[in-house]
Amino acid sequence: MNRNDLDKRLRDLGLYSEFYHRKELKPLAQVLKEGEQLNCLFTGVHEANRKMVAITDRRIIILFTLLGGGDFKVIKRSAVSDYSFDKKLLFSTVTISTKGGETFTFTNAQGSVKKLFEWAMERPVPEEE
């Protein structure tokens, strides 16, 4: 996906103004596959670092960008066993668990994306190609 398509999708989701400035958007555009649909995006603190989480129709992509480089982790949507979004007044907590026993907890997430997160996680996962 190119950056212009990503920016358009963020506007369609109502997230552009919150995330347009994030340095993770360039690597995210490079990681998204052709035809993959971005459905939610939020930031949170995981393992003492602020990370961006992108939920697509096929995957959950966790991005961490440092000066001059970055790292990402991919979780197949079909591997998710449980998830929760605990909305607080200022900062919320998102937890995603996998069938393999891994748990990812993101604190200080934006509570404003709770409905979008739940919608994205409830979307059907397309059959793998």
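1. Phe117 is buried, with a relative accessible area of 0%, where buried stands for under 20% relative accessible area, exposed for over 50% and partly exposed for what lies in between (1.4 Å probe, protein chains only). The model is predicted, so local features need pLDDT of at least 70 and side-chain atom pairs count only at pLDDT 80 or more, while totals for chains, interfaces and linings use all residues. Residues are numbered from 1 along each chain as its sequence is written, and side-chain values use heavy atoms, with hydrogens and water left out.

2. The rings of Phe85 and Phe117 have centres 5.5 Å apart and planes at 50°, so this pair is tilted; rings of Phe, Tyr and Trp (its six-membered ring) pair if their centres lie within 6.5 Å, with planes under 30 degrees apart counted as stacked, over 60 as edge-to-face and the rest as tilted. Because Phe85 lies in strand 5 (residues 80–86) and Phe117 in helix 4, the pair ties together parts that are 32 residues apart in sequence; helices (H or I, at least four residues) and strands (E, at least two) are DSSP runs numbered from the N terminus. Phe85, like Phe117, is buried.

3. The rule for ring pairs gives a count of 4 aromatic pairs. One of them is the edge-to-face pair of Phe42 and Phe117, at 6.0 Å centre to centre and with 85° between the planes. This pair links distant parts of the chain, since Phe42 belongs to strand 1 (residues 38–46) and Phe117 to helix 4 (residues 114–122), 75 residues apart. Phe42 is buried, with a relative accessible area of 0%.

4. One aromatic cluster is formed by Phe42, Tyr83, Phe85, Phe106 and Phe117.
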